[in-house]
Amino acid sequence: MYRLQVFAGVAAVALMASATSSWAQTASEAAPVALDEIVVTAQRRAENLQEVPVSVTAMTGAQLQNQRVGDVLALSGLAPGLQIKTDDNAANPRMFIRGIGVNDFNPGTASAVGVYVDGVYVASPLAQLAGFYDLEQVEVLRGPQGTLYGRNTTGGAINVVTKKPSSTPSGDFAIEFGRFNAVNAQGGFSGPIAGDVLSFRVSGLYDKNDGYTTNRLTGNKGNDANRWATRLALRYQPDDKLTADLSLSLNQSRGGSIWTYHRSLIAQTPEAAGDFDPSLGYAVCKPAFYTSGQCTNVLGYANTSSNLYEGDYRFEGKDIVKLFGATASVSYDLGDMTLYSITGYQRAARDDWEDTDANPLQVISARYIALQETLSQEFRLQSNGAGPTRWVTGLYWAKDDLSNDSRYDVLGDLRSPTPDNPTGMDPAASIGVFGWPLTQKTRSWAVFGQIDRDLTSRLTFTAGLRYSVDDKSFHYVSDVDYGLVTLFTYDGDKTFKSLSGRLGLRYALTDDANLYATYNRGYKSGGFFTGQTTAPEDLGPYDDETVDAFEVGAKSEFLDRRLRLNAAAFYYDYQDLQVYTVIQRGALSVQYFTNASAARVYGAEAEIEARPARGLSLTLGAALLNAEYKDFVSVGQDYSGNRLPSAPKASVNGVVRYEHPLPVGDFAGQLDFTYRSKVFFDTANTERLSDKGRAYVNGQLGWKLDGGRYELGVWGKNLLDETNILDITAVEGLGFDVFSMGPPRTYGVYLRARY
């Protein structure tokens with residue numbers, strides 16, 4: 001909490017001091033430093049951010065570049081209430097907005113936070129960690145998106161907008177070199193093919209580094225990156241009525257698999273022993289003894305190092321992800337209205353083999369193989385202009401097919417081959433290669449609409465409604481020894497239907513200040529669990545998740561648009577919240593997916609942006625959050641009153657940027673930070689599976705030349721070298737926890753050019 005107070009105090013003092021010295025200027029003097037107007041598409045049309053009755057944070061491509069946001073994971077903490085983590089190197093980000101998200105890493109589980117790229121829903125979590133490059137803007141929408149977006153989400157949405165082709169030749173390029181032999185190069189170029197009628201944009205990314213974790217057995221580095229991506233976009237615009245955009249993209253990541261930190265749990269001496277857990281059959285070590293050598297895993301390995309960036313890895317693995325995407329977006333102006341068609345296709349393939357237990361003994365390793373293909377189509381008809389009545393209506397359809405052939409190799413060092421059992425596998429004793437090949441087919445469609453009606457010159461009423469249908473068919477096999485032994489098969493088919501929508505009022509106090517109040521009914525489809533299990537009853541189907549969300553907010557600008565203040569307070573009442581957790585079944589830790597009976601979430605957020613002086617810009621965001629389960633009992637465990645995972649009570653983010661002319665060129669410096677208070681990583685709120693409050697500080701110093709066409713400088717991330725724990729996962733049945741780690745302090749140099 002102390003660091004939160006320090007950073008918030010510094011930002012507030014800087015803001016007030018700069019404002020006091022500068023805001024005494026006249027309006028004419030202030031005009032050149034007014035804040036830029038921010039245009040967002042949160043309601044599926046281009047609107048001024050200050051007039052949209054939705055909690056949304058918008059970040060431009062330049063802002064993302066200056067804060068080194070290379071993928072969706074790096075957005076964590078940059079918007080109030082947004083937390084993102086992962087237990088993988090190239091896939092499966094787990095996103096939480098206002099405490100709402102899903103801990104499940106299996107590809108068949110839809111996130112509570114939707115990711116959209118150029119209007120197309122990215123259904124597969126295998127594709128959601130693709131590299132960010134050549135972006136125009138990213139919008140973070142907080143709260144249920146149950147009306148206008150392709151798939152209903154109860155937590156929010158991340159809307160990614162890429163740069164579009166232009167008939168005017170233009171281009172940009174950036175390259176960075178940094179710690180751990182990091183190289184990041186990206187750029188794009190636009191130009192005409194046939195005058196103003198047909199234009200193109202081609203862009204690409206190359207990102208490689210050696211990694212920041214050391215294998216003590218070999219001296220090699222891991223948690224490395226090795227990815228590239230390219231995108232070709234075409235725009236056909238024969239007149240002022242028709243615009244057609246086509247985009248084709250390829251992404252490939254061939255870096256190493258995740259290298260985690262192993263924490264041994266089984267006490268071997270009375271001094272190290274904490275409470276005896278009868279469900280585990282051992283005493284869990286006291287924290288002071290974790291690295292003493294008196295704590296081991298189930299096979300006797302003791303990790304005596306407290307360095308979270310090293311381990312004894314018996315193999316080093318790969319996490320290979322290949323993505324292909326195609327988007328066709330067409331709009332036709334009919335006069336009073338415009339017709340839109342958005343077609344999307346995505347193919348995501350993954351092959352990941354990892355040393356899951358992060359130790360030299362064969363306790364458990366994983367091979368994740370999955371293929372997911374999605375085809376979607378949206379037709380939307382919406383009014384033009386800014387008349388007293390504005391409306392949107394549309395149809396949505398999607399086809400999503402998932403196949404999975406993943407396996408866990410458990411306790412391989414305990415196999416005892418015999419003539420009758422040459423593999424030595426013993427499923428009854430949890431010794432063997434356990435697979436869960438499956439297929440899931442989802443067919444979705446929806447009809448939706450929203451109307452905004454100006455009741456007076458200042459009061460606007462909003463109403464929206466969406467009817468959704470998700471039909472899911474599911475085939476699952478639980479097997480041992482690559483299919484030689486089948487434990488069970490499961491087939492299921494269920495249709496999930498929902499009605500969601502929103503009501504809202506917006507009142508314009510002045511031309512620069514708006515108040516709003518909204519009610520949203522959010523929905524997230526039920527389904528079947530796609531993780532590994534040996535119990536068919538674990539597969540479901542689980543129920544729909546629903547939320548009644550209430551929000552009031554204010555959006556305002558002051559001092560000739562040099563100060564912007566947006567704030568909101570919210571209350572969510574969840575029913576059947578979908579929860580992924582880990583339970584004990586015998587001696588094993590087992591993945592489990594179920595519905596909490598209820599959850600309550602409430603809090604408040606504020607964002608401040610200011611331009612107190614020429615060249616100086618300040619932003620500050622803050623969120624207070626209370627998120628807990630209500631009446632939640634599962635498998636004999638009572639979680640009622642527990643905090644939701646990845647739901648900090650407080651979070652703060654801020655940026656200070658200053659540009660100033662020099663005798664040659666211009667100085668451009670920036671300092672930014674994020675802070676979040678303590679979080680729990682599990683449903684049970686286990687103390688050892690939590691992380692204290694953390695603050696991360698980043699910065700860069702640059703020199704701009706030729707009117708900003710060129711820029712070179714130095715940068716640093718996590719300058720205070722704060723411990724960067726993304727997640728902690730318990731594997732108690734096998735006697736250990738694993739820590740997923742983000743990078744430590746990194747730094748380097750950069751060069752940018754634009755034409």
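Trainee: Which residue forms a salt bridge with R314, and how many Å apart are the closest N and O atoms?

Mentor: R314 pairs with D355, and their closest N and O atoms are 2.8 Å apart; a salt bridge here is a side-chain nitrogen of Lys or Arg within 4 Å of a carboxyl oxygen of Asp or Glu. Keep in mind that this is a predicted model, in which local features need pLDDT of at least 70 and side-chain atom pairs count only at pLDDT 80 or more, while totals for chains, interfaces and linings use all residues. Residues are numbered from 1 along each chain as its sequence is written, and side-chain values use heavy atoms, with hydrogens and water left out.

Trainee: Is D355 buried or exposed?

Mentor: D355 counts as buried because its relative accessibility is 4%, whereas R314, at 25%, counts as partly exposed. Buried means under 20% relative accessible area, exposed over 50% and partly exposed in between, using a 1.4 Å probe and protein chains only.

Trainee: What about R390, which residue does its side chain meet in a salt bridge?

Mentor: That is D454, at 3.1 Å from N to O. The two are 64 residues apart, D454 in strand β29 (residues 438-454) and R390 in strand β26 (residues 389-404). D454 is partly exposed at 24%, while R390 is buried at 14%.

Trainee: How many salt bridges does the count come to?

Mentor: The count comes to 47, and R98, R142, E551, E605 and E607 are linked in a network of them.

Trainee: Switching to strands, how do β19 and β20 run?

Mentor: They run antiparallel, with three bridges joining β19 (residues 273-277) to β20 (residues 282-285); two strands pair if DSSP finds at least two bridges between them. F276 has A283 in β20 as its bridge partner. The two strands form a hairpin with four residues between them, and G281 in the turn has a positive phi of about 85 degrees.

Trainee: And what is the order of the open sheet of three strands?

Mentor: The order is β14-β13-β22, with mixed pairing, and the edge strands β14 (221-222) and β22 (310-311) each pair on one side only.
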